[in-house]
Amino acid sequence: MKTFIHIPKTGGTTIVDTLSRQILFDKFQRINPTRHTHPRDFLDDIEGLLEKVISSSKAEVVGGHFGFAAHPKLTDPSEHFTVLRDPIERVISEYYFMKYKGMYYQQLIESENLSLEEYTHHPETYYLNNLQTRLISGVSYESGEEVTKEMYDLALENLKQFKVFGITNDMSNSLALFYLVLGWKRMPYYMQSNANDKRPKRESIPQHEIEAISERDKYDVMLYNEAKSIFDAKITERAAEIGEIKNRIMKPNMIYKLYLKVLNRILN
């Protein structure tokens, strides 16, 4: 079974919707916490949740907000894929998603009137530091809340063995690469999902808040830079075929495009 590690606020919902509504349909199983479930409680329960999927469903791919090797039968890195995002952009997006979309920490942000910088270093949320590194390393919170250099090294080693991975701000190339590497039988159409129109642009964020995120998530910055370099090399290596596929992804049959828009509106 292939595993999609859906790192929060990396554009993973676009991949999830593509898998469930265009490519695999009922052969894709998503497992995510509810809005009111503490993220760490969800991660504590994930092995049992995955066991239900593995033992009882016909899913070919399982995905959600959990990390590498979240179940003893899902330990092969070459059967994993994911999407990574610039860590500064990801944390900004996380904060404003929590603040305006009714997610788990909305009440905390409102009750204490937390700024972005205060949110990133708050005792209740600091465990989210270097979340991309944490999830790709597969190291649980039993090791402690602080992500370490050893965990970064493990995350980078795992990532290099992943089946494929994408980059959020290059989603069209990411989808084209997924189509090629994962052997999708249908050509996907790129439709962005779960965007937050209340999130300000990075340019309007004070520099001291940017620096606070960079300091807290230094391993994610390192991991993203390595990932972006690997990703760009893969796109360059297969530039001709990826360019052709990307053109088709961005220009679907108009009837199919209309169908997907209607479907998204109904399901969302």
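In the predicted model, Asp41, Asp44, Asp45 and Glu142 form a negative surface patch. Patches of this kind join like charges within 9 Å, and are built from residues that have over 30% relative accessible area and no salt bridge. A salt bridge is a side-chain nitrogen of Lys or Arg within 4 Å of a carboxyl oxygen of Asp or Glu. Asp and Glu count as negative, and the place of a charge is taken as CG of Asp or CD of Glu. Glu142 counts as exposed because its relative accessibility is 80%; exposed means over 50% relative accessible area, buried under 20%, and partly exposed in between (1.4 Å probe, protein chains only). The areas come from the Shrake-Rupley method.

The model is a predicted one, in which local features need pLDDT of at least 70 and side-chain atom pairs count only at pLDDT 80 or more, while totals for chains, interfaces and linings use all residues. Residues are numbered from 1 along each chain as its sequence is written, and side-chain values use heavy atoms, with hydrogens and water left out.

Twelve helices and five strands make up the secondary structure of the protein. The radius of gyration is 18 Å, close to the 18 Å that the globule rule gives for 268 residues, so the protein is as compact as a globular protein of that length. This radius is taken over C-alpha atoms, and the rule is 2.2 Å times the number of residues to the power 0.38. Along the principal axes, the C-alpha atoms fill a box of roughly 50 × 40 × 40 Å. Of the 268 residues, 49% are buried. Helices (H or I, at least four residues) and strands (E, at least two) are DSSP runs numbered from the N terminus.

Helix α6 contains Gln132, which is buried with a relative accessible area of 1%. Between Gln132 and Asn247 the separation is 115 residues in sequence and 30 Å in space, C-alpha to C-alpha.

Backbone angles were also examined. Most residues other than glycine have a negative phi. Asn130, although not a glycine, has a positive phi of about 50°. Asn130 is placed in the loop between α5 (116-120) and α6, and counts as buried at 1% relative accessibility. Ala69 likewise is not a glycine and has a positive phi, of about 55°. The loop between β3 (61-64) and β4 (80-84) holds Ala69, which counts as partly exposed at 30% relative accessibility.

Key:
Patches are made of residues with over 30% relative accessible area and no salt bridge: like charges are joined within 9 Å, nonpolar side chains (Val, Leu, Ile, Met, Phe, Trp, Tyr) within 5 Å. Accessible areas come from the Shrake-Rupley method with a 1.4 Å probe; for residues, only the protein chains shown count as cover.
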